[in-house]
Amino acid sequence: MDRNIISYFFLRLIQSIFSILGAVIIIFILSRVLPGNPAIAILGPKATPENIERVMKEWGLDKNYLEQFSIYISRLVQGDLGNSYIMGISVNKLVIERLPASFELVVFAFIISLIIGIPLGIFIAKKHDSKLDLIFSSTSILGFSFPTMLLGILLLLFFGLGLHLPVGGRLDPRYTIKVYTGFMLIDTLLNGNIAAFIDAFLRIIPPALTLAIPLTCLMVRFTRNSVLEVMMQDFVKTAKMKRLPESIVMYRHILRNALVPIITIAGLYFAVLVTGDIIVETIFAWPGLGRLIWEAVTLRDYMVIQGAVLVVSIIYISVNAIVDILYFYIDPRIKG
Amino acid sequence: MDSRILVKTEKLRKYYVVRSKILKRVIGYVKAVDGVDLEVKEGETLALVGESGSGKSTLGLVLAKLLKPTDGRYIFKGLDITWSLPKELRSKIRIVFQDPYSALNPRLKVRESVIEPLIVQGYSGKEAVEKAIEYLKLVGLNEEHLKVYPHMLSGGQRQRVVIARALITEPDFIVLDEPTSMLDVSTQAQILQLLKEIKIKRNLTYLFITHNLAVARFIADTIAVMFAGQIVEIGEKNNVFSKPLHPYTNSLISAYPPPDPEAIWKPEIPEESSIENTTNINGCRYADRCPYAKNICRREEPPLIEVIKGHKVKCHLYNLI
Amino acid sequence: MKPLEIKGLIIQYYVNNQWVDVVSNVDLDIDERGEILAVVGESGCGKTTLGLAVAGLLPSNAKIARGYIKVFDKDVTSTSNSIKIAMIFQDALTSLNPLLTVGEQIAEIDIHHFKMSKKKAFEEAKKRLAEVGLPTTFVSKYPHELSGGQRQRVLIAMAIAMNPELIVADEPTTALDVTTQARVLILLRDLVKKLGIPMIYITHDLALASQIADKIAVMYAGQIVEYSNKYSLFKEPKHPYTQALLSSIPRVDVDVSELHIIKGEPPTPGSFPRGCRFHPRCPLAFSKCFVEEPIPRKVSSYGYVRCHLYG
């Protein structure tokens, strides 16, 4: 591997570490400026000032912010996200418990968006001066700008009341499943329980669609534009001039070039999925990180908020670093 | 010499820093302009010719006072203006760029574009418009064109507007950076002819930058050939074209196909080599490409030698070739 | 069997909800293998459209409204036959796929046309590179790593690799420096002569055409106004446009103190004048020119001129 790639890797790693550090500071500050007091949240409105003070002292919340931060950081570098004030257990445990559920949901939604969005975008680009293009283009703008909250509730009603399918949660509590990977779709199969798999599959569809529909619309639009732009370029004329089979022109010449910006945008919009995830998990009672954050915010559980949001940030930053490195492999011009 | 010298440069240099792509370390310098001594007499047209990357456009920008040099001296009308330009001289040096499409703001009408430099000088709107009409007529347009937007004009008309805008401040010296290279043959002829006529009418001095030697031969009095940031040959145009002294000039001239099927076109062009890595060369910059190069050429930089009056060449071997 | 025969060709573009003539009634031909026909004209005259039509690469909003283009007696517009026509485009950088190596782009022709193995195709690609004067190691280079002249050579290598029946070259050297331009051009000329491939060379540069072509067609406002072998065209230009064009070019070889000026600017498709399309700019126009479109007239042993002066 040449030196360029290694130095790029290294530089990207350092950048990512700085981004994470920045995220830690911002999250810490933001969770402190949240109105409300965790002690009151747990002790109830009738708590005596002495009691509140005792609890605050126990959690270290009586120290000033700088001290609190240095304690937090010193534990963080050891990989310890601290303890939840209210639930009384370690945040690490909470996050590890909840992470697979979110991961499964987000990745499932992401894959749906890509496998529907990209081919559909290519198809529309091929028919770019037809009515079909107009219809799809306007639909996709609508789909992308539809609020997640509303979409989620509509899908909940449609699947639950309209189709009478199971909604809410990851799995019917009837089924007992031995956990291997934390991913319900995989675990049910590993248990050999087909009925449970179907149940899990039906339950993941509505929340995944809520996340996937806007992103799919975006991917359709973006793929269409990107493919169209490449189709206009001279080297496509050259490829046609060479009388190569149409599939070769499309995949080898057009799509490979169109994919470069598509990958970038897909990476960026991974973040949108993650934020959407908080709303979706709340609507569908999905026991993931998003719901954990929601619960923690209502309870002012600083440590949980910090921990969960930090994990989400790390995932996001890593995804973008991976995208950049992918980019480096796809496009020889960047190596210079 | 009778005629006064309007523009004079001494050892003018402009270096650009080159940084590595990823870590942005300084890895070298591009010597875009590397020690140029030039004199342009009042009323003269000096054509600066060279290929892309020779530094001719950078030199043009420095002489138009749009770019600060790295080193050297720039004397205009006897005044040293290397580092600062007195206010009263600002309107006296103007530039016309290659691309008439991007030179005009698409959201401004011709009127606004042309009078802008006058408004800056404190003219009233009415006076400015009157003057704008005068100059539009000078470049072969008319009052009607004041009201239109650039996209409604053809390439040739746009270039005329750009020229009117440059002329309106009554400059003494105009840098013309490839003003016709994006135009069609018939439009190019119109603009070249126009520039030649205006120069005499308004007693102007031109620095005409072009990669096209034919255009240079038509428009110029003096030809300066630039290679790798340096002037390698300079002289009265008929001398340069009929008896080129530098092997580079010779290969440039021979590269032009004569517009005559009976004539035999035999370009004398040495093998391609990159001119980018000239940063560490001690000798003649052209030595790598030169078919005649000897040891001395790689070792020692040749001086600019005056061979006959006004015809100078930067070559060790000019009298052997 | 002529290498190229174009008869009564009309090409239209669909713009602003109507079909507009871009190329009108063009008759051209190439008589033998290795012959080079230059099509000379200013921008907007339809020369590039003509080239794209010959190569079968018209965009989807353009159509051949009338006439035909035959290459060795086969109609290029019918999809049933597999005529191989190579086209070399103006901008070599954008004409090469930035994500594929030079070798991959040349070899894919052999792989798909001649069902060659990948390894063998790469060996062939190396031979092609050597033929255009490039080192064989360039097979593994990416387009952005090459200079302008080298990229243009790659395009030529690609055209040759197709083993084409005809080459269309659309101003392949305008973006290059003069010295590089001269080298690439002479390479291309000598290569097609050696291999006996007929070529259409599209350019705005009459001087260049005089050196590279055998025959020259001067194009103005979608029509061929004069068509002749290059010697008679330069010695005795017939059409006023050709005459004006020849005297409006600055020259390197002789000192010209005044350029001939053609007043006005060339018309654009959709606004071609009635009568003779050149009449608004023609110093010799008379009443007939304003109303009646001249038809091509044979004036010498070869070719024709489209002008009422020769009626």
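Val33(A) is located in helix H1 of chain A, where helices (H or I, at least four residues) and strands (E, at least two) are DSSP runs numbered from the N terminus. The model is predicted: local features need pLDDT of at least 70 and side-chain atom pairs count only at pLDDT 80 or more, while totals for chains, interfaces and linings use all residues. Residues are numbered from 1 along each chain as its sequence is written, chains are lettered from A and ligands numbered from 1 in the order in which they are written, and side-chain values use heavy atoms, with hydrogens and water left out.

Val33(A) counts as exposed because its relative accessibility is 57%; buried means under 20% relative accessible area, exposed over 50%, and partly exposed in between (1.4 Å probe, protein chains only). Val33(A) also belongs to a nonpolar patch on the surface, whose members include Phe9(A), Phe10(A), Ile14(A) and Tyr329(A). Together the residues of this patch have about 1,100 Å² of accessible area, as given by the Shrake-Rupley method with a 1.4 Å probe, in which only the protein chains shown count as cover for residues. Helix H1 (residues 3-33) of chain A supplies the largest share of the nonpolar patch, 10 residues. Like charges are joined within 9 Å, and nonpolar side chains (Val, Leu, Ile, Met, Phe, Trp, Tyr) within 5 Å.

Chain A as a whole contains 14 helices and zero strands. Its C-alpha atoms fill a box of roughly 85 × 55 × 40 Å along the principal axes. Of the 336 residues in chain A, 45% are buried.

On a 1 Å grid over the protein atoms alone, a cavity is a set of points where a 1.4 Å probe fits but cannot get out, whereas a pocket is an open set with protein on both sides within 12 Å along at least five of seven lines; lining residues have an atom within 4 Å of a point. Grid points are joined across faces, edges and corners, and a volume is the space filled by probe spheres set on the points. Eight cavities of 30 Å³ or more are found by this rule. The largest cavity holds about 140 Å³ of space. It is lined by 14 residues, and Ser102(A), Val106(A), Val274(A), Asp277(A) and Ile315(A) are the closest to its centre. H5(A) gives the most to this lining, with five residues. The lining of the largest cavity comprises 11 nonpolar, two polar and one charged residue; here Ala, Val, Leu, Ile, Met, Phe, Trp, Tyr, Cys and Pro count as nonpolar, Asp, Glu, Lys and Arg as charged, and the others, Gly among them, as polar.

The second largest cavity holds about 80 Å³ of space. Among its 13 lining residues, Pro240(C), Cys276(C), Cys282(C), Cys289(C) and Cys307(C) are the closest to the centre.

The second largest pocket contains about 1,200 Å³ of space. Of its 36 lining residues, those closest to the centre are Lys240(A), Gly56(C), Leu57(C), Leu58(C) and Pro59(C). H11(A) provides the largest share of this lining, four residues. By class, the lining of the second largest pocket has 18 nonpolar, 11 polar and seven charged residues.

Terms used:
Patch = residues over 30% accessible without salt bridge, like charges linked within 9 Å, V, L, I, M, F, W, Y side chains within 5 Å. Salt bridge = Lys/Arg side-chain N within 4 Å of Asp/Glu carboxyl O.
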